[in-house]
Protein chains: 2
Amino acid sequence: MQKDIKPELSTPVEKPISSSQRALVELRSKIFAGELAAGSDHLESELATQLNMSRTPVREAVLTLESQGLLELRPRKGVRIVPLSADDMAEIYEVLTELESLAAERAALAAYDDAELQELAQAIDDMDVAIARDDLDAWAEADDRFHTELVRLGGNSRVISIVHMMSDQVRRARTTTLFMRPLPTKSNEDHRKVLQAIKRGDGDCARITHRSHRREAKKIIVELLQKHRLRFL
Amino acid sequence: MQKDIKPELSTPVEKPISSSQRALVELRSKIFAGELAAGSDHLESELATQLNMSRTPVREAVLTLESQGLLELRPRKGVRIVPLSADDMAEIYEVLTELESLAAERAALAAYDDAELQELAQAIDDMDVAIARDDLDAWAEADDRFHTELVRLGGNSRVISIVHMMSDQVRRARTTTLFMRPLPTKSNEDHRKVLQAIKRGDGDCARITHRSHRREAKKIIVELLQKHRLRFL
DNA sequence: GCATTCCATTGCGTATGCATTAAATGATGC
DNA sequence: GCATCATTTAATGCATACGCAATGGAATGC
């Protein structure tokens with residue numbers, strides 16, 4: 001796949017931003033912001049007026065979001081923001097576990113130098129700081145950054161986009177899970193181990209370490225969800 | 001209330017089949033049949049007349065297919081059937097490897113009885129027969145069946161749909177790769193080992209065995225592709 | 001001959017209108 | 001009262017229309 005080669009003018013270039021793109025972006029953020037709550041139904045026309053455009057671009061955005069698992073199209077009842085059950089969380093975490101572990105392995109085998117692993121190291125440090133300050137939001141942000149960067153370093157574009165999709169589905173629930181779960185103090189030890197393994201070029205160690213790290217996280221979250229009988233409705 | 005409202009004729013079910021559904025199905029099969037060749041460009045209006053419908057449902061189908069990685073929308077040049085490079089194949093196989101291995105593990109831990117594993121066993125036998133007869137098509141079909149069933153038994157719906165997507169991308173290339181690669185005689189030994197591990201409930205063994213099986217297959221295919229300089233254009 | 005500008009073409013993005021049909025409501029018979 | 005059927009309502013699926021902007025080519029200037 002050849003990337004589009006654009007020398008790009010000195011001027012940043014104005015973005016005409018298409019309506020369907022805007023619909024996509026805005027609907028996504030409304031979903032993440034909880035403005036469109038999980039489990040709620042919305043008519044296409046309703047969303048259209050809300051976004052100040054016709055049904056057509058909304059429909060396209062909705063179709064895309066559906067294929068990404070954030071929405072569900074129900075013929076006469078409007079689009080439904082899919083609610084996540086504990087089982088769904090388990091499924092998603094399983095996928096994330098495997099694909100991120102793969103990425104960790106590939107990253108280790110790619111022989112990145114320290115400079116290229118800077119972002120990863122930074123994310124880990126930021127998590128430490130956040131934990132020390134008891135700042136859960138900052139921790140979540142840095143944790144996200146760590147995982148995103150890890151996957152990017154893995155270099156498999158399909159893994160990147162799948163992980164992105166799955167993370168999106170989980171992201172909405174993060175607000176809830178974040179404050180339920182115990183402070184992830186031990187978590188960063190694992191992150192450091194993974195980083196060290198990558199630096200060492202030890203693919204198996206990176207993979208296995210990250211794998212058990214993720215499995216552990218999954219177990220904790222799913223148990224919490226089941227205990228609290230939460231369904232994210 | 002939910003009881004049968006209408007005795008309904010002896011005919012099973014009437015299918016009103018929507019246009020966009022039809023567009024989706026027909027475009028897919030045209031792609032797999034090579035009627036829409038990889039790398040070729042097609043205008044929306046062209047496809048619309050071809051399918052005897054307006055641009056709208058075609059557009060919707062195309063959008064969906066794009067999000068599934070089979071198409072690429074290029075503003076003024078029409079939709080392009082995405083060609084796969086050797087690197088793409090490698091990426092896809094990596095994803096398949098990890099997710100199928102996960103499925104194998106989960107299947108083993110699910111304690112299925114022999115009856116429930118019948119389909120899997122059957123697929124393996126069919127592959128043996130196909131190999132003995134030198135019938136590559138039959139082998140490919142049974143192999144597909146094996147992997148599909150394995151993933152189904154894994155029970156993770158997200159894994160199922162991702163694997164399905166990835167398999168689709170690869171399926172188009174199958175015609176080519178099938179006849180290049182050496183007869184997969186050893187392959188079935190691995191399949192049997194996986195099945196045995198599942199019957200035994202040995203998750204780790206199932207996972208590891210399937211994993212190395214898939215990694216092997218990936219290596220062979222990718223090397224072949226690189227050697228032959230094939231790009232599926 | 002080469003480059004630059006202008007124009008015609010046309011594919012796409014979006015809006016709009018219409019027909020279909022699923023759901024809801026009311027009517028009718030028992 | 002309850003259930004079945006008819007009628008109405010309205011959301012969707014699809015067709016169609018239209019303007020814009022990009023592309024290719026012609027025309028003009030050098």
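The legends below describe close-up views of a predicted model with protein chains A and B and DNA strands C and D. Local features in this predicted model need pLDDT of at least 70, side-chain atom pairs count only at pLDDT 80 or more, and totals for chains, interfaces and linings use all residues. Residues are numbered from 1 along each chain as its sequence is written, chains are lettered from A and ligands numbered from 1 in the order in which they are written, and side-chain values use heavy atoms, with hydrogens and water left out.

**View 1. Chain A contains 9 helices and 3 strands.** Helices (H or I, at least four residues) and strands (E, at least two) are DSSP runs, numbered from the N terminus. Taken along the principal axes, the box filled by the C-alpha atoms of chain A is roughly 55 × 55 × 30 Å.

**View 2. Chains A and B are related by a turn of 180 degrees.** With this turn and a shift of 0.0 Å along the axis, chain A can be laid on chain B with an RMSD of 0.1 Å; the copies are superposed by least squares on the C-alpha atoms of residues with pLDDT of at least 70 in both. The relation is therefore that of a two-fold axis. The residue of chain A closest to the rotation axis is E98(A), at 3.0 Å (C-alpha). Both copies use the same surface, since 96% of the contact residues of chain A recur in chain B; contact means heavy atoms within 4.5 Å.

**View 3. Helix α4 (residues 86–109) of chain A packs with helix α7 (residues 157–180) of chain B.** Their axes are 8 Å apart, at an angle of about 45 degrees. This makes α4(A) oblique to α7(B). Axes are lines fitted to C-alpha atoms, for helices over the stretch in contact, and angles run from 0 to 180 degrees between N-to-C directions; those under 35 degrees count as roughly parallel, over 145 as roughly antiparallel, 65 to 115 as roughly perpendicular and the rest as oblique. From α4(A), the contact involves D88(A), E91(A), I92(A) and V95(A), and from α7(B), S157(B), R158(B), V159(B) and I162(B). This contact has 4 nonpolar, 1 polar and 3 charged residues (Ala, Val, Leu, Ile, Met, Phe, Trp, Tyr, Cys and Pro count as nonpolar, Asp, Glu, Lys and Arg as charged, and the others, Gly among them, as polar).

**View 4. DNA strand C is surrounded by 16 residues.** The closest are S19(A), S54(A), R59(B), P75(B) and R76(B), a residue being near a strand if one of its heavy atoms lies within 4 Å of it. Sugar and phosphate make up 59% of the atoms of DNA strand C that come within 4 Å of the protein. An N or O atom in the side chain of S20(A) is 2.9 Å from a phosphate oxygen of DNA strand C, and one in the side chain of T56(A) is 2.8 Å from a base nitrogen.

**View 5. DNA strand D is surrounded by 15 residues.** Among the closest are R59(A), R76(A) and S19(B). Of its atoms within 4 Å of the protein, 62% belong to sugar or phosphate. A polar side-chain atom of S20(B) lies 2.8 Å from a phosphate oxygen of DNA strand D, while one of T56(B) lies 2.9 Å from a base nitrogen. The surface near DNA strand D comprises 4 nonpolar, 6 polar and 5 charged residues.

Terms used. Polar contact = N/O pair within 3.5 Å; in protein donor to acceptor, adjacent residues only side chain to side chain.
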